[in-house]
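Here is a quick tour of a two-part topic: how the chains meet, and what sits around the ligand. Have the structure open while you read.

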Amino acid sequence: MSHRTTLFELKDIHVEVEDKEVVKGVSLKVKAGEVHAIMGPNGSGKSSLSNALMGHPGYEITSGEAYLQGHSILEMPPDERSRAGLFLAFQYPLAVPGVTVANFLRAALKAHRGPEADMSDFRRLLKREMAALSIDPSFATRYLNDGFSGGEKKRVEILQMSVLNPKMALLDETDSGLDIDALKTVSGGINRFHNADNGILLVTHYQRLLNYVQPDFVHVMLGGRLVKSGGPELALKLEENGYDWVEQETGLTAEV
Amino acid sequence: MSESEAIRQQNADLSRLNEDYATRYGFRDPVDYFHKGARGLSHEVVEMITRMKNEPRWMAERRHEALDIFYAKPMPKWGNTKLLGEIDFDNIYYFMKPIENQQASWDDVPEYIRKTFDKLGIPEAEKNFLGGVSAQYESEVVYHSMKEDLKKQGVIFLDMDSGLREHEEIVRKYFGTVIPSTDNKFASLNTAVWSGGSFIYVPPGVDVKIPLQAYFRINAENMGQFERTLIIADKGSRVHYIEGCTAPVYSTDSLHSAVVELIALEGAYIRYTTIQNWARNIYNLVTKRATAHKNATVEWVDGNLGSRLTMKYPCIQLVGEGARGEILSVAFAGVDQHQDAGAKVIHAAPRTSSRITSKSISKDNGRASYRGLVKVHKNAVNTKVSVECDALLIGEDARSDTYPTMEIDNEQVRVEHEARVSKVAEEQLFYLTSRGLSEDEARLLIVNGFMEPFTKELPLEYAVELNRLIELEMEGSIG
Ligand SMILES: Nc1ncnc2c1ncn2[C@@H]1O[C@H](COP(=O)(O)OP(=O)(O)O)[C@@H](O)[C@H]1O
Ligand SMILES: [Mg+2]
């Protein structure tokens, strides 16, 4: 895989939220075709990193660099990052009452394709992707995340990813709140999306998603830093032994 | 058209944010009127109006009496008294008659007026989905038509002046019974100088399946438009009436002060939809009230954009057992605007039910107020009341207030009441922009979503229009 081009690169990223540093220097390189996982206990800064990379105004990147396909993204507002090919599946997707899933996705896809683009394939595309994720067709006309269960929200996040087909997808705790069947469906969606040209960063607390979506690299996040990296076997070790041993080994605590 | 397609259309061109009211609606026509009176109000002006219209004496007397009431009544001491105080009644034209005779064919309407309504899309809408159209220009209806099959079923849809001439008995029986000239100062004013508006009578059991529409256009500066509308739905009949309004942009003020009376007899259904989009120099002070008899239903669907000050509180009096009322209103207050809108329901019979849904959006330094009254009389047992007020603020200077009043005089009432104020949340904006939508597009999507419970009640063409209007209002929003 080493001959592949670097798709996404983070250099010493620091993030502050409400004047507190919660990410303290994260560096990472994701090559085209790779799946990386960041695992870490609650409060270790995983969501802060994800949100900051997507451009959330509440999470300030105070120093560091981030590149997507060689282009620096930190100066871009969130919509440009998205159109440049970055995607974040949120841990807690918000409801937008009155805006239907179909309308929203159509507008988003149009924003990606450009104002003059032909959208005549949209319905077919949406229908196909919804079916693949076992989302009932009625969800197309439901208001985005409004009254959705936790699992439904996660599926709809993955639906958005499938429709927008980004280059680099950050998936923040996409497995939480899913029962085993839903987990399989959602993993299927992620695997179908994945190809030799894109990259995935799975952010998760638990190992179970990694049974279905095989990571090439696993990184452990503690106290706002990536403290350990390895292959898929690292995830299994964390599953069996928890995070305590990493804390002891590195002398760091989980919470930032 | 399927619902999803419809919604898709509504949002079709979210990114087109470059038009404005002035070019789309704010243009003015050169005037060459049949009659243009002088500024100011007096018994002479009233006499001139009634003579020009060749009205029966009882109406002339009503007018003069109402003018005296107008003189005697003080200005309202509530609402936006500052803006109300700026109305200069002496500077207003109370009656302008653009052409001698009303026409039934657009070809016979003078070109400059026809072009105006063309630009506003009225003849097009008429062809496509309306059962009848009335187009008022200044004080009088210049064009009027109704589909033949409705005429055959005995439906009467006329301008109010013709209504009085051709159906004097019905008018005399109902005129001013729902809103007497003593009701408020602007109702007195309207009664004194009313001109134009619609008169509708639907015979028992007749279902008018496609909407009837009136369009009100003010063209002249300092114009006062005082249309008077009376709709009577006889037993078991159904009708949907739509009104739209616009005016040119001037630097000094005009006044629009209508009176609308609805009467839904036993088992009848009336829906009255308004999309008001007045220019920002218009005072819009309107009295709208309905009486719903036994098992009748009245629905006000009231969209308020534009104007400098709007004061409007559509009311439903539920006087017959089992009557139902619904008021769904939205108001959009932009720069320097005050939308003081609301709703009133009087439960005066058992087993009546009402629902009020009010949505307001305030942007920049705009101000939206909800003023509501629900009154349940002692005898109105087993009654249901629901009131929901939702305000959305855009920007730090936007303002919204609610003044809800409930007077409930018996115990057997089920009341639901909810009020919410929200800001266009940064989080929501981030969520949508993180999917590639620009901030403007995202904000518009959120606002349209907020309005959706209202827009979905409109015929598709109006929903599209309303969303487009909101798009214009949102232009250059400072969020
Ligand atoms: N919006 C926020 N406001 C305040 N503090 C926050 C916010 N988001 C995260 N934090 C803080 O940042 C730290 C890391 O949290 P988070 O990034 O959510 O961790 P994880 O996703 O690994 O559970 C925690 O101390 C948390 O309280
Ligand atoms: Mg998290």
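## The salt bridge

In this predicted model, the side chains of A:Glu157 and B:Arg435 pair up in a salt bridge, with N to O at 2.7 Å. The term stands for a side-chain nitrogen of Lys or Arg within 4 Å of a carboxyl oxygen of Asp or Glu. By that rule, the interface of chain B and chain A has one salt bridge.

## The rest of the interface

Polar contacts across the interface of chain B and chain A come to 15 residue pairs, both residues at pLDDT 80 or more. A polar contact is a pair of N or O atoms within 3.5 Å; within protein, one must be able to donate a hydrogen and the other to accept it, and residues adjacent in sequence count only if both atoms are side-chain atoms. On chain B, helix H1 (3–10), helix H12 (426–433) and helix H13 (439–455) each put at least two residues on the side that touches chain A. H12(B) has the largest share, with seven residues. Helices here are DSSP runs of H or I with at least four residues, strands are E runs of at least two, and both are numbered from the N terminus.

That side of chain B splits into nine nonpolar, nine polar and seven charged residues. Ala, Val, Leu, Ile, Met, Phe, Trp, Tyr, Cys and Pro count as nonpolar, Asp, Glu, Lys and Arg as charged, and the others, Gly among them, as polar. In contact terms (heavy atoms within 4.5 Å), 25 residues of chain B meet 36 residues of chain A. About 2,500 Å² is buried between the two chains, with carbon and sulfur atoms giving 63% of it; buried area is the accessible area (1.4 Å probe) lost on putting two parts together, summed over both.

## Around ligand 1

Ligand 1 has 14 residues around it, with A:Gly43, A:Lys46, A:Ser47, A:Ser48 and A:Tyr59 the closest; a residue counts if one of its heavy atoms lies within 4 Å. H1(A) gives the most to this shell, three residues. The shell holds five nonpolar, six polar and three charged residues.

Which atoms of ligand 1 does the side chain of A:Ser48 approach? An N or O atom of that side chain is 2.5 Å from a ligand oxygen. A:Lys46 uses a backbone N or O atom, 2.9 Å from an oxygen of ligand 1, and A:Tyr59 brings a polar side-chain atom to 2.8 Å from a ligand nitrogen.

## Bookkeeping

Residues are numbered from 1 along each chain as its sequence is written, chains are lettered from A and ligands numbered from 1 in written order. Local features of this predicted model need pLDDT of at least 70, side-chain atom pairs count only at pLDDT 80 or more, and totals for chains, interfaces and linings use all residues, while side-chain values use heavy atoms, leaving out hydrogens and water.
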